[in-house]
Amino acid sequence: AGIPRDLDRDYFGDTPFPSTDELLAEAAGMELALLPMTHFKYSNVGYSLLGRALERVAGCRYEDYVREHILDPLGMGRSLFARQRFKEESDAAVPYVVNRDGAYVGKEYTFGRITADGGLISSVRDMARYVSMLLAGGRGPEGTLVSQESLRAMMTPAVPTPPDDMSTDQPENAYWPSFEDP
């Protein structure tokens, strides 16, 4: 979409991560980082916009939509957005960031500040439930969550991904199985 990856801030260091409203307000005046549909580049701003669009279409908060339509049907009870639920977990992992001096510093998750752009905290078992749904062609324990047609569309590259963006020099969907009916 050409939307910049992030705001011009050091929020992976000591600056607090902006809320979705702050992120979108500040991004409104930014120039495009790329020409739309030329290649993929991850964007926190873009995912914030996508989450806000989902809220408007669904008529509810992003977190509520994800819980009702994905997490609950898949039994992902240890996946959460809320600080209080996190504090109730006895074995929750502590997030760390690397500060300017190269030291690992324990931080708190950014509860309530980010949502669609990375605000979901999950467990390995819950993520395995999600991956199992993908590998089962969109089917979960309570039925189909997403159609095979939608999965194919989601897994089909629309634009090239440069090798230096967030991962490897492999095609971004090389590891996804075929979603044909068995």
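Is Glu63 buried or exposed? Select Glu63 and have a look: this residue is buried, with a relative accessible area of 14%. (Buried means under 20% relative accessible area, exposed means over 50%, and partly exposed is in between, using a 1.4 Å probe and protein chains only.)

Before you click on, some ground rules. You are looking at a predicted model, where local features need pLDDT of at least 70, side-chain atom pairs count only at pLDDT 80 or more, and totals for chains, interfaces and linings use all residues. Residues are numbered from 1 along each chain as its sequence is written, and side-chain values use heavy atoms, with hydrogens and water left out.

**Stop 1: colour by confidence**

Colour the chain by pLDDT, which is the predictor's confidence in each residue, from 0 to 100. The mean for the protein chain is 76, and 72% of its residues reach 70 or more. Now select residues 165-182, where the pLDDT is below 50. Beyond near neighbours in sequence, that stretch has 25 contacts in the model (a contact means heavy atoms within 4.5 Å).

**Stop 2: the charged group around Arg61**

(A salt bridge is a side-chain nitrogen of Lys or Arg within 4 Å of a carboxyl oxygen of Asp or Glu.) Arg61 counts as partly exposed, at 47% relative accessibility.

Asp64 is partly exposed, with a relative accessible area of 37%. Through shared partners, salt bridges join Arg61, Glu63 and Asp64 into one network.

Now move along to Asp72 and Arg67, another salt-bridged pair, whose closest N and O atoms are 3.4 Å apart. Asp72 is partly exposed at 42% relative accessibility. The structure holds 5 salt bridges.

**Stop 3: helix 3**

Select residues 62-74 to see helix 3. (Helices are DSSP runs of H or I with at least four residues, strands are runs of E with at least two, and both are numbered from the N terminus.) How far apart are the end C-alpha atoms of helix 3? They are 17 Å apart, which agrees with the 18 Å that 13 residues should span at 1.5 Å a residue. (The expected span is 1.5 Å times one less than the number of residues.)

Just after the helix, click Gly75, which takes a positive phi of about 70°.

**Stop 4: helix 2**

Just after helix 2, Gly59 takes a positive phi of about 75°.

**Stop 5**

Which loop holds Ser123? Ser123 lies in the one between strand 2 (104-106) and helix 5. Ser123 is buried, with a relative accessible area of 18%. Set aside neighbours within four places in sequence, and Ser123 is in contact with Arg78 and Ser79.

Step along to Val124, in helix 5 (residues 124-135). Val124 is exposed, with a relative accessible area of 73%. Draw a C-alpha to C-alpha line from Val124 to Ser79: they are 45 residues apart in sequence and 9.6 Å apart in space.

Finish on Asp126, also placed in helix 5. Asp126 is buried, with a relative accessible area of 2%. The side chains of Asp126 and Ser79 are joined by a polar contact of 2.9 Å. (A polar contact is a pair of N or O atoms within 3.5 Å; within protein, one must be able to donate a hydrogen and the other to accept it, and residues adjacent in sequence count only if both atoms are side-chain atoms.) The backbone nitrogen of Asp126 lies 3.1 Å from a polar atom of the Ser123 side chain. Leaving aside neighbours within four places in sequence, Asp126 is in contact with Gly75, Met76, Gly77, Arg78 and Ser79.
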